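Subject: Structure for your review

Dear colleague,

Please find below the structure that I am handing over to you. My notes on what was found in it follow directly after.

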Amino acid sequence: MTTKSALLKKEFVLASVPITYIFIAFTLMTFIPGYPIEMGAFFVCMGIFQTFRFYNEANDIFYSVMLPVSKKDIVKSKYKFTVIVELISFLLITLFAIIRMMLLKDATVYTENPLMNANAAFLGWTLIVFAMFNIFFVGGFFKTGYKYGIPFFVFSLMAFIVVAIGESISHFPGLEFLGQTGFDLRQLYVLGIGSIIYILVTSVSLCISVKRFEKIDL
């Protein structure tokens, strides 16, 4: 087993807390009518946040630095852990959204739903919420390697702004298709933009975090 794979295994087996995986169940919020379903992604991030909080309680960062590995690999392993949990959650959300679009699109609770419906555009907004977590919380955490309160507050604020925009934008003239219960090709624009934002923001956050963490004297 390589050093990088061993570090990643440590993240899942030793460093993470069970509640992180339990919070993946909040992806089921995709089925809730009359509720801002993008909040499902927020709660998934809150689950990941619990593992970062545990890093402090267990002195995981200090322990990791004592290992014969580079600081860069430590940061990368924690980003990989975060991204894997996010992508597993995103796949589940996608599955639930497809069920809503194909099997439940004519259900009264969804056709009369004034809030965002589960469609391709919704998936794009979900990725943007995850991107906000990666840049504001994970990136903020690696400013010090131990402070997590303020970074999570900043992420929460930005996530609520993203959710508010996503929930309201379909009510603007000409953008009603973003709130449809079924699939519309134009929704793919939001999904594509969300995917690009997620990849770019996460990559930039990783690079910045590596530089920050390498300067920290633990």
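I begin with F155, which touches F42, C45, V129, M132, F133, F136 and F137, leaving out residues up to four places away in sequence; contact here means heavy atoms within 4.5 Å. Please note that this is a predicted model, in which local features need pLDDT of at least 70 and side-chain atom pairs count only at pLDDT 80 or more, while totals for chains, interfaces and linings use all residues. Residues are numbered from 1 along each chain as its sequence is written, and side-chain values use heavy atoms, with hydrogens and water left out.

The nonpolar core

F155 is also one of the residues that touch the most other members of the largest nonpolar core, together with F52, F122, F133, F137 and F142; this core holds 57 residues. A nonpolar core is a set of buried Ala, Val, Leu, Ile, Met, Phe, Trp, Tyr and Cys residues joined through side-chain atoms within 4.5 Å. At least two residues of the core come from each of α1 (3-15), α3 (39-57), α5 (71-103), α7 (120-141), α8 (149-169) and α9 (187-215). The greatest contribution is that of α7, with 14 residues. Helices (H or I, at least four residues) are DSSP runs, numbered from the N terminus. As general background, nonpolar side chains tend to be buried together in soluble globular proteins.

Cysteines

C45, one of the contacts of F155, counts as buried because its relative accessibility is 0%. C207, at 47%, counts as partly exposed. The cut-offs are under 20% relative accessible area for buried, over 50% for exposed, and in between for partly exposed (1.4 Å probe, protein chains only). The structure holds 0 disulfides, a disulfide being a pair of cysteine sulfur atoms within 2.5 Å.

Helix α3 has 19 residues, and its first and last C-alpha atoms are 27 Å apart, close to the 27 Å expected at 1.5 Å a residue. The expected span is 1.5 Å times one less than the number of residues. This helix is mostly covered, with 14 of its 19 residues buried. N59 follows α3 and lies in the loop between α3 and α4. Although N59 is not a glycine, its phi is positive, at about 55°. For comparison, most residues other than glycine have a negative phi.

Helix α9

The 29 residues of α9 should span 42 Å, and the distance of 43 Å between its end C-alpha atoms agrees with this. Which residues of α9 are buried? They are Q187, V190, L191, G194, Y198, V201, T202, S205, S209, V210 and F213. These buried residues pack against α4 (60-66), α5 and α7.

V210 counts as buried because its relative accessibility is 9%. Leaving aside neighbours within four places in sequence, V210 is in contact with K72 and V75. V210 and V69 are 141 residues apart in sequence, and their C-alpha atoms are 13 Å apart in space. By contrast, M66 in helix α4 counts as exposed, since its relative accessibility is 59%. M66 and F96 are 30 residues apart in sequence and 43 Å apart in space, C-alpha to C-alpha.

Cavity and pocket

A cavity is a set of points, on a 1 Å grid over the protein atoms alone, where a 1.4 Å probe fits but cannot get out; a pocket is an open set with protein on both sides within 12 Å along at least five of seven lines, and lining residues have an atom within 4 Å of a point. Grid points are joined across faces, edges and corners, and a volume is the space filled by probe spheres set on the points.

A search of the whole structure finds 1 cavity of 30 Å³ or more. The largest cavity has a volume of about 30 Å³ and is lined by K4, L7, D73, K76, S77 and K80. The largest share of this lining, 4 residues, comes from α5. K80, in helix α5, counts as partly exposed because its relative accessibility is 37%.

The largest pocket holds about 230 Å³ of space. Its lining has 13 residues, of which F136, G140, K143, I150 and P151 lie nearest the centre. At least two lining residues come from each of α7, α8 and α9, and the largest share, 4 residues, comes from α7.

With kind regards
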